[in-house]
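Here is a short report on a single protein chain.

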Amino acid sequence: MSDAQLLLVAGALLAAGIGASLLAGRLRLPGLVLFLALGMAIGSDGTGWIDFNNYELARTIGVIALALILFEGGLTSGYPEIRPVLRPALSLAVLGTIVTALVTGLVAAWLL
């Protein structure tokens, strides 16, 4: 596949993803459901545009799609939605970091 074709396919997939996101909003469905349906439709079980036997291509597309989904989720989340879970999230993050550092330090001291 040439670079021009790859850019065309990536643009078409982005446009389809945006359309799926808009449709999910109108149907009041989680956007991930339509993203998964879109992936199944264009995959080897659907139209066959993306051969999932090509593991490197499938992984690359999956990583890019995950990054876009997480980026979109972060941009659309407002402070009123985050506020109720901010304190537990911060406490779990700090506690998890401290516990990980302690366990790693103890294991490193024991091994070395």
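Which helices each supply at least two residues of the lining of the second largest pocket? They are α2 (31-42) and α3 (55-76).

## Basis

This is a predicted model, in which local features need pLDDT of at least 70, side-chain atom pairs count only at pLDDT 80 or more, and totals for chains, interfaces and linings use all residues. Residues are numbered from 1 along each chain as its sequence is written, and side-chain values use heavy atoms, with hydrogens and water left out.

## The second largest pocket

A pocket here is an open set of points on a 1 Å grid over the protein atoms alone, where a 1.4 Å probe fits, with protein on both sides within 12 Å along at least five of seven lines; lining residues have an atom within 4 Å of a point. The second largest pocket holds about 160 Å³, the volume being the space filled by probe spheres set on the points.

Its lining consists of Ser21, Gly31, Leu32, Phe35, Ile69, Glu72, Gly73 and Thr76. α3 gives the most, with 4 residues. By type, the lining has 3 nonpolar, 4 polar and 1 charged residues, with Gly counted as polar.

## Overall fold

The chain has 4 helices and 0 strands, where helices are DSSP runs (H or I, at least four residues) and strands are E runs of at least two. The radius of gyration, over C-alpha atoms, is 20 Å, well over the 13 Å from the globule rule for 112 residues, so the chain is more spread out than a compact globule. That rule is 2.2 Å times the number of residues to the power 0.38.

Of the 112 residues, 6% are buried (under 20% relative accessible area, 1.4 Å probe, protein chains only).

Methods: Buried means under 20% relative accessible area, exposed over 50%, partly exposed in between (1.4 Å probe, protein chains only).
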